[in-house]
Amino acid sequence: SLTVSPDRAGPAIDRTMYGVFFEDINNAADGGLYAELVQNRSFEFSTVDNRSYTPLTGWQQTATGGATGTVQVVNDTERLNERNRNHLRLGLAGTGGAGAGFGVVNSGYGAGMALREGARYDFSVWARTDSATGTRLTAELRTTDGTTVSAPLAVTVRGDRWTKYTGTLTAKVSTTGGRLAVTAEGGGTVRLDMVSLFPRDTYKGRANGLRKDLAEKIAALKPGFVRFPGGCLVNTGSHQAYEAPDFERRRSYQWKDTIGPVEQRAVNANFWGYHQSYGLGYYEYFQFAEDVGAMPLPVVPALVTGCGENKATDDPALLRRHIQDTLDLIEFANGPVTSTWGRKRAEMGHPKPFGLTHLGVGNEENLPDQFFARFTEFRKAIKATYPDITVVSNSGPDDAGTTFDRAWQLNREARVDMVDEHYYNSPQWFLENNDRYDSYDRQGPKVFLGEYASRDNRFSNALSEAAFMTGLERNADIVKLASYAPLLADVRQNQWRPDMIWFDNQRSWGSTSYEVQKLFMNNTGDRVVPSRASTTPAISGPITGAVGLSTWATSAAYDDVRVTAADGSTLLAEDFSAGDFRWTRATGRGTWSVQDGAYVQSDAAAEDTLVTAGDTGWHDYDLRVKATKKSG
Ligand code: AHR
């Protein structure tokens, strides 16, 4: 029986309680939320990002009317700018009849660009030519078989200095296999960079904007906050933006690299094994949070790695620089237009402050003491200048043991504002832990449940999350913020399951967990009505669902990956196919290390509960992971 006490005052529930966690994982940004249709627009793709890439990934040579020439990606002193190292050099042989063109075609992400009949697309390119009479450049939309499906857009490139050329293309047909062709006529050398195509119809019509269907799905949640840019991405950025890879930069996400004109932004070898353009950067994150009516919640690196690696950077000057970067970030968000960083925000189009109130420092560090020493320095500096900012610490991964307990002890002793917790567990766990926060110290730090999910996208997962969320809400005095994670996943390429919203290049759909989040976010109460159940209902029968094993290795690095149970039984095949392994994460315990740029679990043992094929009961398995590294 349930006893409800409407006359007693329960805790108030903040309007911002439920929000979203955005990380560029599963192609969430480029090829996902970021509406750019051209893949590898600045020819910066490299094997540093992913072993399968080349600087011409996404591009193919094309010629009309018998024209010939050469296509070459070069990195020389003629570059667009110091951050945009590579560009495309077209050597035009000048052969072919009148109107003959030689150039390149971009195939977009996945199967191609999703074009809609009648829709307009904004084309732009930076170009220069050594032809004294100029070079006529033509852009057009095509389909997979090479058919032209737009009127051609012609511009004349003049002069051997980088200049931006723009125009609009209108699609004559709808297709999911669209292409963008750029061809040049005549002779000489023409150089191209930042070849871009954006749908005119972005979310809220913003330039350099967001894919409408995805942004609208997020907006429909009515999120209280948007956390960005990750996740593991925060502490593990690995830039290849500069010719000589700079170790310090490779250690973490640098927000300053992600603002300003897109052609001047850095690019990044994303931790999740692909190229990241930073076209979706900090300005766009703040703008998006504002557009969906949510509180922005950035997370900055604390100079201690997590996510499979245990390293703390001992460099006082670097720490000081990162702390200053964080203060500058607050100024970028909130400062007046007369301040250095407030002016940059204004120059980008937003003179009004973004109203930052919360900021996270660090993500899932495995070294609680080292993390906390650095966090303390950040907090001191932030509070000295901005006493009203809530500085969010974290608890490391929820290993239900030493790291987590030690982190919480340090956070409690230092009376931090708020602690970020993360966990991915079975549906059963979520049902059994509804009371998790009932016993949290009311005098201690508040909780930001920054990442959680029950490990699959089935109805039973969503149901167990909903049940768990009633426990979060009941404890709204201590649990102040909560976000399911991750938010977005590309069906064609993903590193993590489950996810809240799935997409391909044309469609998107919410998982059952999305519907639960939407239900809670759209119906957040003002206050908890105290209630008591006479007993916790027994869970009858197993809650089934595919459960995976944690791995940080990428399929680009390994080509033979097998997971077997110690007793030799076959595990549910769906997520364990060799060469294409996409496992959801479990509470894998063991030692993770980096070998040749990939994360591997060296002791090869993890504990988890798995569902075997045809078996609906619960069992404990001892798992063995065997991964053979790709040759070369
Ligand atoms: O949400 C996916 C990953 O899970 C995040 O990057 C990390 O913080 C966590 O381990």
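Which residues in α5 meet which residues in α6? In this predicted model, Asp-328, Glu-331 and Phe-332 on the α5 side meet Thr-340, Trp-341, Gly-342, Lys-344 and Arg-345 on the α6 side. By class, that contact of α5 with α6 comprises two nonpolar, two polar and four charged residues.

**Helix pair α5 and α6**
- Helix α5, covering residues 316–334, and helix α6, covering residues 340–347, pack at an angle of about 45 degrees, and their axes are 7 Å apart.
- Because an angle counts as roughly parallel only under 35 degrees and as roughly perpendicular from 65 to 115, α5 is oblique to α6.
- The crossing that α5 and α6 make is right-handed.

**Ligand shell**
- The ligand is surrounded by 13 residues, of which the closest are Gly-231, Cys-232, Glu-364, Ala-485 and Pro-486.
- Sorted by class, the shell around the ligand holds six nonpolar, four polar and three charged residues.

**Cis peptide bonds**
- The peptide bond leading from Gly-230 to Gly-231 is cis, with omega near 20 degrees, and Gly-231 is placed in the loop between β14 (225–228) and α2 (232–236).
- Ala-485 and Pro-486 are likewise joined by a cis peptide bond, with omega about -15 degrees, and Pro-486 is placed in the loop between β23 (479–484) and β24.
- Gly-231, Ala-485 and Pro-486 are also listed among the closest residues to the ligand.

- Three strands form an open sheet in the order β24-β25-β26, and their pairing is mixed.
- The strands β24 (488–490) and β26 (508–510) stand at the edges with a single partner strand each, so one side of each has no neighbour in the sheet.
- From one strand to the next, the twist averages 25 degrees.
- Strand β25, residues 501–503, runs antiparallel to β26 and is joined to it by three bridges; in one of the pairings, Ile-501 has Gly-510 of β26 as its bridge partner.
- Helix α1, residues 212–221, lies across β24, β25 and β26, and runs at about 15 degrees to β26.

**A positive phi**
- Asn-26 has a positive phi of about 60 degrees, although this residue is not a glycine, and Asn-26 is found in the loop between β2 (18–21) and β3 (59–64).

How values were computed: Residues are numbered from 1 along each chain as its sequence is written. This is a predicted model: local features need pLDDT of at least 70, side-chain atom pairs count only at pLDDT 80 or more; totals for chains, interfaces and linings use all residues. Axes are lines fitted to C-alpha atoms, for helices over the stretch in contact, and angles run from 0 to 180 degrees between N-to-C directions. Helices (H or I, at least four residues) and strands (E, at least two) are DSSP runs, numbered from the N terminus. Angles under 35 degrees count as roughly parallel, over 145 as roughly antiparallel, 65 to 115 as roughly perpendicular and the rest as oblique. A crossing is left-handed if the near helix is turned anticlockwise from the far one by less than a right angle, and right-handed if clockwise. Two residues are in contact if their C-beta atoms, placed from the backbone, lie within 7 Å. Ala, Val, Leu, Ile, Met, Phe, Trp, Tyr, Cys and Pro count as nonpolar, Asp, Glu, Lys and Arg as charged, and the others, Gly among them, as polar. A residue is near a molecule or strand if its C-beta atom, placed from the backbone, lies within 6 Å of it. Two strands pair if DSSP finds at least two bridges between them.
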